[in-house]
Amino acid sequence: MAQGVWIVAEQRDGALRKISCELAGAARKLADQLGTEVSAVLLGSGIEGIAGELGKYGVDKIYVADNAALEPYTTDAHAAAVFKVVKENDPAILLFGASAQGKDLSARLAGRLATGLATDCTEVKIADGKMVAVRPIYAGKCFIEVVSLANPQMASLRPNVFPATETAKAGTIVKFDPGLDAAQLKTKVVEVQKDTSGRADLTEASIIVSGGRGMQGPEGYKILEELADLLNATVGASRAAVDAGWRPLADQVGQTGKVVSPNLYIACGISGAIQHLAGMSSSKYIVAVNKDSEAPIFTKADFGIVDDLFKVVPELTKECRKLLG
Amino acid sequence: MNIVACVKQVPDTEAQIRVKPDGSGIDETGIKWVMNAYDEYGVEEALRLKEKHGGDVTIVSLGPARSLEAIRTALAMGADKGIHICDPALDGADAYVTASALAAAIKGIPFDVIFCGQRAVDDDAGQVGAMLAELLGIPQVTVVTKLEVNGASIRATKPVEGAQLLIESPLPCVITAQKGLNEPRYASLPGIMKAKKKPVDVKNAQALGVSAEAKLKVLKFVPPPARPPGKIISGDDAVAKASQLVGLLRQEAKVI
Ligand SMILES: Cc1cc2nc3c(=O)[nH]c(=O)nc-3n(C[C@H](O)[C@H](O)[C@H](O)COP(=O)(O)OP(=O)(O)OC[C@H]3O[C@@H](n4cnc5c(N)ncnc54)[C@H](O)[C@@H]3O)c2cc1C
Ligand SMILES: Nc1ncnc2c1ncn2[C@@H]1O[C@H](COP(=O)(O)O)[C@@H](O)[C@H]1O
């Protein structure tokens, strides 16, 4: 019988990604309710040293495949390795991060395992011995609760939502052979161009400072960058700003951009169109700065300032500098 | 080149989504249905490949009778023919059933490259493209912002957190389209007229030999949790308001 809660951990350049610890935290809770173990799969090359770290986050057993063909990530190699170890061990639940890599891999595997996958979940719980996953649809205009009718029950979890908790335990490391067949590895990464901004991706940022058409041009974002630097935040944008060419595509928040849930979202000069609200209204705290008191963004804001953002934002930066140095 | 583009009809992003009182689904009254925004990028890229390399573009869509409009829109943009998988047994199909039906339909035609959207803006699953690739036994490159086809292989740019990857794959493969891939064209009036005469093949689950048995069951739909009413920090002095806001974020919200 399928048993155990499994996570597929993620590492980049030999360091465990934060989402891996969040997955471990979520898995631990599910496993405790089911009275079962948490296992992790960790894939890459030269990564055995970091496998043990997962134990600190509540993982009992870490299945490690260390193989040059697993670095950098490709769908083909990782899907083959995870499929093999899952088939051999028959877990009941299999969790991924809803990251670029986790989404790509989980969907491929759900196809291979012929099972149900819930994408980008914001909550997972146990009812009648099965995992019930809660996830936004329509970019957050509505939520659904879903359950997989086949095993493993798969879900990808939204970054930044599930707390990672350290425990005193140390996990057991189990090495496995990913059994890769070179003929099946069809795609390859030919180039990696790293972003040098040093900021977290929007989907992983805990604070986002976002600007819209009210920024009046690309130069306007300078004041947002300054505030973001102090808060260790990432800068986002509305589609209006992206389409005007003021900000790169990767910065767009909303139904046809990134759906985000940071602890704090500061919207400056953004009216709050339905597509924008859909993408950010699950943020824990929302601040709006807009000169129009009727702007719909205020219906979602926890704190609002009705004023000219070019006066308010530099003052916010000054105040934050006093506080945070 | 034989190019396939998968197209899903979804509610317009302007639509307010209301959950039915019994939580069994969303209330569809008054909803305007359109082609999924990401599928527009897929169709556009398909047409550009055809213009450059020759060949033809087939549109495949699974959905109720109204989905024919989304197929016609793609045909009006310039695609050559359509396959409409239409069967009440497939209403509300999950990603696995959808991908199985699309795979069955596509297996029946020649294909070199298949486009999907990176996600459908209704269910936000982002699964069908990868599952389709798996079921057809071909590689995938998901969330693509730039594509180059060179003979029997492609090179695709894919943004991930903190980096851009350039990925090479042999053909045939599935590409899922992300904003940035291109600027989709509008259907011209002559295009719309011509589209009416282009062939659309209608198939049901039985003809395709696919099972409608779901892998993922929706227990209920719920409206988003209500946000408590916000606080407007008032006054004429921007400095005082900024200082008050920072205080609230520090002491009350504890987020900075
Ligand atoms: C299919 C589709 C998908 C879409 N997807 C998205 C999406 O994913 N994300 C998204 O954001 N949008 C999306 N949109 C666009 C959306 O409908 C809006 O057009 C867009 O969000 C508006 O951006 P904005 O708020 O920056 O601009 P506007 O609506 O023009 O608002 C600008 C705001 O700035 C304020 N302002 C101006 N000057 C100042 C100042 N000096 N100080 C303070 N406030 C000031 C104004 O009062 C106004 O409220 C989509 C649209 C469509 C049709
Ligand atoms: N019913 C459908 N008919 C045709 N294509 C679909 C259908 N559902 C999903 N797709 C394709 O798969 C992509 C991703 O959908 P999803 O996995 O539902 O987010 C969409 O952008 C479409 O290209």
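A residue counts as near a molecule if one of its heavy atoms lies within 4 Å of it. The legends below describe close-up views of a predicted model.

**View 1. Ligand 1 sits between two chains.** Ligand 1 lies between chains A and B. Around ligand 1 there are 27 residues. The closest are A:Arg213, A:Ser238, A:Thr256, A:Ser271 and A:Asn290. Three helices of chain A, α6 (239–243), α7 (274–280) and α8, each supply at least two residues of this shell. By class, the shell around ligand 1 holds 15 polar, six nonpolar and six charged residues.

**View 2. Polar contacts of ligand 1.** Two side chains of chain A take part here. A polar side-chain atom of A:Thr256 is 2.6 Å from a nitrogen atom of ligand 1. At A:His276, an N or O atom of the side chain lies 2.8 Å from an oxygen atom of ligand 1. The backbone contributes as well: a polar backbone atom of A:Gln255 is 3.1 Å from an oxygen atom of ligand 1. On its own, ligand 1 exposes 990 Å², and the protein buries 80% of that.

**View 3. Two helices of chain A cross.** Helix α5 spans residues 221–231 of chain A, and helix α8 spans residues 309–324 of chain A. Their axes come within 9 Å and cross at roughly 20 degrees. Angles under 35 degrees count as roughly parallel, so α5(A) is roughly parallel to α8(A). The crossing of α5(A) and α8(A) is left-handed.

**View 4. The shell around ligand 2.** Ligand 2 has 19 residues around it. Those that come nearest are B:Asp39, B:Leu62, B:Ala120, B:Gly126 and B:Gln127. In chain B, β4 (56–62), α3 (95–107) and β6 (113–117) each supply at least two residues of the shell. The most come from β4(B), which gives three residues. The shell around ligand 2 divides into nine nonpolar, six polar and four charged residues.

**View 5. Backbone contacts of ligand 2.** Which backbone has an N or O atom 2.8 Å from a nitrogen atom of ligand 2? That backbone belongs to B:Leu62. A backbone N or O atom of B:Gly126 lies 2.7 Å from an oxygen atom of ligand 2. A polar backbone atom of B:Ala125 is 3.3 Å from an oxygen atom of ligand 2. Taken alone, ligand 2 exposes 480 Å², of which the protein buries 98%.

Technical notes:
Residues are numbered from 1 along each chain as its sequence is written. Chains are lettered from A and ligands numbered from 1 in the order in which they are written. This is a predicted model: local features need pLDDT of at least 70, side-chain atom pairs count only at pLDDT 80 or more; totals for chains, interfaces and linings use all residues. Side-chain values use heavy atoms; hydrogens and water are left out. A polar contact is a pair of N or O atoms within 3.5 Å; within protein, one must be able to donate a hydrogen and the other to accept it, and residues adjacent in sequence count only if both atoms are side-chain atoms. Accessible areas come from the Shrake-Rupley method with a 1.4 Å probe; for residues, only the protein chains shown count as cover. Helices (H or I, at least four residues) and strands (E, at least two) are DSSP runs, numbered from the N terminus. Ala, Val, Leu, Ile, Met, Phe, Trp, Tyr, Cys and Pro count as nonpolar, Asp, Glu, Lys and Arg as charged, and the others, Gly among them, as polar. Axes are lines fitted to C-alpha atoms, for helices over the stretch in contact, and angles run from 0 to 180 degrees between N-to-C directions. Angles under 35 degrees count as roughly parallel, over 145 as roughly antiparallel, 65 to 115 as roughly perpendicular and the rest as oblique. A crossing is left-handed if the near helix is turned anticlockwise from the far one by less than a right angle, and right-handed if clockwise.
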